[in-house]
Amino acid sequence: MTIMYVTNKRTYMTFLSIFFLSIPNATAQIVGFATALSFFLEFVFEVPSGYFADRIGHKNALIIAKASLLISTLCYLLATSIIYFFIASIFFALGLSMLSGTSSSFVKETLDHLGKGEQYSRISGKIRSIGFSIPVIFILLLPILAEESYRLAFLVALVIDVIGLITACYLTPVPEPETIKDFQITKTKNIFHEYSQVGWLPIVIFSSLVFSTLMAGTVDFKNPFQEHIGFSLSMLGVLWGISRIGIAGLLLLNDWFKKHLTLKQLVLIEGFVYAGVLIGVGTLSNKWMIAVLFIIGTMAMWGLGATKSHFYLEYIEESRYKASMLSINTFIEKIITTGLVLVMGYLVTVRSYEYGFLFFGILAFLVTLIGMFLVREKKIR
């Protein structure tokens, strides 16, 4: 699973949108549309993929996910027109949707089988930490290769995806996996009914709104902006690598966060950090301060993932549909993010990057402030 997490990372993301903009007729607004399409497809695939994973087995779902991500990388490698990016978006979305919820469920079921389910935050935090730290090597290498040839950089990424696919094929599921009956409409309704009975919807929506403000405001816009203010591709790789080292370090503390924070407190911390980062980026002119803020935002967005997953898994501890339930959460995230990405693409096109970042920073602050007073957590059963 550690190798799975390592090879899950899209180490070419530092220059993907910059490469996209080098394609004839590509603009920031088209980048926004392509990103929105990817998010749209992710939330279209999200719930069916979770149920599909529960039905066919989590290992098989992870194999499909890895194959899809490999095909998306191949599309980038062969890209000569915008259409390649839209095709890649389809397989990218399918891959991420199949991974969403399934990886966490696979790890949790394995730990439960080993009698270590309560250690999920600690063990998953370590796995994810290594999953973020090792790819730093490729995050630093690929932008350097991209300055010489984008194709060479994508070829290296393709090799990494091949390793990931092979690894998925060698995963060992827990003995006697739970059997899910054949698909029936009534059974699907039961999943949604069960989801509605969990009592986590207010905190899930709050968390999704907070996450989406930073995700939509930075995905595919952060790196072109940093190049615009004077950073080279290789330096972007260094900055991204530093953020990944920070994420890896923060993930090692996830067990501590789980013991000392509630889910709402965790989301509030994320929200105020996101707001500060985006407002700072939108108002400051020093490129190094901007880079530091982006690193802090990225650390906050991904460095608490094991803790948040553990909270969610505790809500659905006895459910047979863990991947499905977690996928519905991600589905909500994708719906919100898709709309906000289109807004960011529009703001960048008609105004400026800085205006877009400032707008989303204020939005993140307001969402967090409202959530602090209105959202109540249900006690985990």
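F357 is buried, with a relative accessible area of 0%. This residue belongs to a predicted model whose chain has 381 residues, 57% of which count as buried.

**The chain overall**

- The chain contains 19 helices and zero strands.
- Among contacts in the chain with a separation of 6 or more, 86% come from residues 24 or more positions apart.

**The aromatic pair of F225 and F357**

- Eleven aromatic pairs turn up in a search of the whole structure.
- In the pair of F225 and F357, the ring centres are 5.1 Å apart and the planes stand at 65 degrees; planes over 60 degrees apart count as edge-to-face, so this pair is edge-to-face.
- F225 lies in helix α12 (residues 222-228) and F357 in helix α19 (residues 353-374), so that the pair links distant parts of the chain, 132 residues apart.
- F225 has a relative accessible area of 1% and is therefore buried, the cut-off for buried being under 20%.
- F357, at 0%, is buried as well.
- F225 and F357 also belong to a cluster, in which ring pairs link them with F294 and Y353.

**The aromatic pair of W256 and F257**

- W256 and F257 form an aromatic pair that is edge-to-face, with 5.5 Å from centre to centre and 80 degrees between the planes.

**The packing of helices α2 and α9**

- Helix α2 covers residues 13-22 and helix α9 covers residues 150-169; the two pack at an angle of about 140 degrees, with their axes 12 Å apart.
- That angle makes α2 oblique to α9, because angles count as roughly antiparallel over 145 degrees and as roughly perpendicular from 65 to 115.
- The crossing of α2 and α9 is left-handed.
- On the α2 side, the contact is made by F15, L16, I18 and F19.
- On the α9 side, Y150, R151, A153 and F154 make the contact.
- By class, the residues of the contact of α2 with α9 are seven nonpolar, no polar and one charged.

Conventions
Residues are numbered from 1 along each chain as its sequence is written. This is a predicted model: local features need pLDDT of at least 70, side-chain atom pairs count only at pLDDT 80 or more; totals for chains, interfaces and linings use all residues. Side-chain values use heavy atoms; hydrogens and water are left out. Axes are lines fitted to C-alpha atoms, for helices over the stretch in contact, and angles run from 0 to 180 degrees between N-to-C directions. Helices (H or I, at least four residues) and strands (E, at least two) are DSSP runs, numbered from the N terminus. Angles under 35 degrees count as roughly parallel, over 145 as roughly antiparallel, 65 to 115 as roughly perpendicular and the rest as oblique. A crossing is left-handed if the near helix is turned anticlockwise from the far one by less than a right angle, and right-handed if clockwise. Contact means heavy atoms within 4.5 Å. Ala, Val, Leu, Ile, Met, Phe, Trp, Tyr, Cys and Pro count as nonpolar, Asp, Glu, Lys and Arg as charged, and the others, Gly among them, as polar. Rings of Phe, Tyr and Trp (its six-membered ring) pair if their centres lie within 6.5 Å; planes under 30 degrees apart count as stacked, over 60 as edge-to-face and the rest as tilted. Buried means under 20% relative accessible area, exposed over 50%, partly exposed in between (1.4 Å probe, protein chains only).
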